[in-house]
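The following exercises are to be worked with the sequence and the three-dimensional model at hand. Each task is followed by a solution in steps.

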Amino acid sequence: MPSRDVHVPVGLGTAFIASLYLSKDQKPEHQIYEAIGALFGGYWGSRLPDVFEPANNNPNHRAVAHSLAAGTTIAATAIEAATIWSKFFREKAERLAQQRQTMRSSEVKIMSEVPEILLRIAAGVGPGLIIAYMSHLALDVCTRKSLPLV
């Protein structure tokens, strides 16, 4: 049965790769920020099923959070949810970048860049979390216990 030692690296890897694909139309520096966010989301997404339903050395711990129903629901809504999430934060970051162009003081410009970077990082968190959660279920479905239907 995959453990945290397997779930986390796989979740991080899938989140990172997905972020590069989902941000392919962004500037390279923005892709890097989204990848950082995806790694943060990927860490937590890879752990969430076991946070909701801890194993505690019990292979029968899998219930709703580890179910095929949860996986199917997430898969059915994941692309749209990830797109909406990223678009929301990208638009807010872009507005800040445009506002910065009108500023005169270099100190104020630098200070206004921090929230923009944080928003670009946030754009990667949601998609990273979703894909890593799915990677957790994909790993668990390959075990002897597999996943419950509901």
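At 29% relative accessibility, Gly13 counts as partly exposed, because this class lies between buried, under 20% relative accessible area, and exposed, over 50% (1.4 Å probe, protein chains only). The model is a predicted one, in which local features need pLDDT of at least 70 and side-chain atom pairs count only at pLDDT 80 or more, while totals for chains, interfaces and linings use all residues. Residues are numbered from 1 along each chain as its sequence is written, and side-chain values use heavy atoms, with hydrogens and water left out.

**Exercise 1. Place Gly13 in the fold and state how far Gly13 and Leu39 are apart in sequence and in space.**

Step 1. Gly13 is found in helix H1; helices are DSSP runs of H or I with at least four residues, strands are runs of E with at least two, and both are numbered from the N terminus.

Step 2. Leu39 belongs to helix H2, which spans residues 28-52.

Step 3. Along the sequence, 26 residues separate Gly13 from Leu39, and their C-alpha atoms are 8.1 Å apart.

**Exercise 2. Describe the overall architecture of the chain.**

Step 1. Counting secondary structure gives 4 helices and 0 strands, and the pattern read along the sequence is α-α-α-α.

Step 2. Along the principal axes, the C-alpha atoms fill a box of roughly 60 × 25 × 20 Å.

Step 3. The chain has 150 residues, of which 39% count as buried.

**Exercise 3. Identify the residues of the nonpolar surface patch and the helix that gives the most to it.**

Step 1. The rule for a patch takes residues with over 30% relative accessible area and no salt bridge; like charges are joined within 9 Å, and nonpolar side chains (Val, Leu, Ile, Met, Phe, Trp, Tyr) within 5 Å.

Step 2. The nonpolar patch consists of Phe16, Ile17, Leu20 and Leu39, which together have about 340 Å² of accessible area, as computed by the Shrake-Rupley method with a 1.4 Å probe, only the protein chains shown counting as cover for residues.

Step 3. With 3 residues, helix H1 (residues 4-22) gives the most to this patch.

Step 4. Leu39 has 33% relative accessibility and therefore counts as partly exposed.

**Exercise 4. At what angle do H3 and H4 pack, and how is their contact made up by residue class?**

Step 1. The packing angle is about 170 degrees, and the axes of H3 and H4 are 9 Å apart. Axes are lines fitted to C-alpha atoms, for helices over the stretch in contact, and angles between N-to-C directions run from 0 to 180 degrees.

Step 2. This angle makes H3 roughly antiparallel to H4, since angles over 145 degrees fall in that class, whereas those under 35 count as roughly parallel, 65 to 115 as roughly perpendicular and the rest as oblique.

Step 3. The contact of H3 with H4 has 23 nonpolar, 4 polar and 8 charged residues. In this division by class, Ala, Val, Leu, Ile, Met, Phe, Trp, Tyr, Cys and Pro are nonpolar, Asp, Glu, Lys and Arg are charged, and the others, Gly among them, are polar.

Methods: Salt bridge = Lys/Arg side-chain N within 4 Å of Asp/Glu carboxyl O.
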